[in-house]
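Have the sequence and the 3D view open as you read.

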Amino acid sequence: MSRTTLYVPGDRPDLFDKALASGADAIICDLEDSVPEAAKAAARVAVDRWLRANSGAPAWVRVNNRPDLLDADAALARSLMAGEVSFAGVVVPKADPAACGTDFGNCPVMALIESAVGVAQIYEIAAVPQVVRLAVGEADLAADMGMMPSADALEMWPIRTRVVVASVGAGLDAPCGPVPIDLDDEAGLVTSSESLRRHGFGGRSVIHPRQVAAVNAAFTPSDDEIAWAEAVMAALEEAAAAGRAVAVIDGKFIDAAVMRRARAVLSRVIRLGL
């Protein structure tokens, strides 16, 4: 599960290696919004060539969820899978159940919730067998719903919570949060990323390498969190050995529910290789 996924335009193959070296956990080679109409076919070719030359790279491909382009983009994914090219999977924008169920050659799908339809059908989307993760795209979502989010994006939280609930309910990875669009607001990037993590998100997408470090840090367990988790596990193991199901640490009651949180922290530490 990636903390950071960095978008890179699919018609800019000169940037693919640089994006991969940015420190982001994964990149998204974009065939959709960042690529001009006239460059769509060339972008598809560029992404295909780069992925074949870099099999195993932690790279997603964002396809076009449009009748005139989805078939060709899906054919790219099928061709890569048939050629045993290893890549992260495809990102389906403006996700709906039908598009997420497209034949992509059985590669993983990240469903990007960007429309009222996606919000309304989110549980059906999460249940599509190919879908491994949900993400939220709030610029398109706000436009589709006629919303004008404030700087703190308070208006988006009911939808964000729905994305988290759908993810947990379907047993998916913790969802990917929205792209921060203000490149100069470092403090806001840190604050919003930490808030997303506290609310159950596992990471977020970014659009510039300078955003990577702050987002990675926000979604990485701190030394204090790791120490707390280890203490919880030790205390409950000691309690269990004494025939008790609960324990107390620093005057706070801990039980199986707290143990689940502690295990989640330590599991994330292992997955991140810390």
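## Leu134 and the nonpolar cores

Setting aside neighbours within four places in sequence, Leu134 is in contact with Ala111, Ile122, Ile125, Ala126, Val163, Ala166, Ser167, Leu172, Pro175 and Cys176; contact means heavy atoms within 4.5 Å. A second, separate core has 12 residues, among them Ala229, Ala235, Ile254 and Val265. Leu134 itself is one of the residues with the most contacts inside the largest nonpolar core, which has 61 residues. A nonpolar core is a set of buried Ala, Val, Leu, Ile, Met, Phe, Trp, Tyr and Cys residues joined through side-chain atoms within 4.5 Å.

This is a predicted model, in which local features need pLDDT of at least 70 and side-chain atom pairs count only at pLDDT 80 or more, while totals for chains, interfaces and linings use all residues. Residues are numbered from 1 along each chain as its sequence is written, and side-chain values use heavy atoms, without hydrogens and water.

## Helix α3

The buried residues of α3 are Leu70, Asp73, Ala74, Leu76, Ala77 and Leu80. Around the axis they cover an arc of only 150 degrees, so they sit on the same side of α3; the arc is taken from the directions from the helix axis to the C-beta atoms. They pack against α2 (40-53) and β4 (89-92). Asp71 and Ala82, on the other side of α3, are exposed. Buried means under 20% relative accessible area, exposed over 50%, and partly exposed in between (1.4 Å probe, protein chains only). Helices (H or I, at least four residues) and strands (E, at least two) are DSSP runs, numbered from the N terminus.

## Thr102

Thr102 lies in the loop between α4 (97-100) and β5 (109-113). Thr102 counts as buried because its relative accessibility is 16%. Beyond its neighbours within four places in sequence, Thr102 is in contact with Leu70, Ala74 and Gln130.
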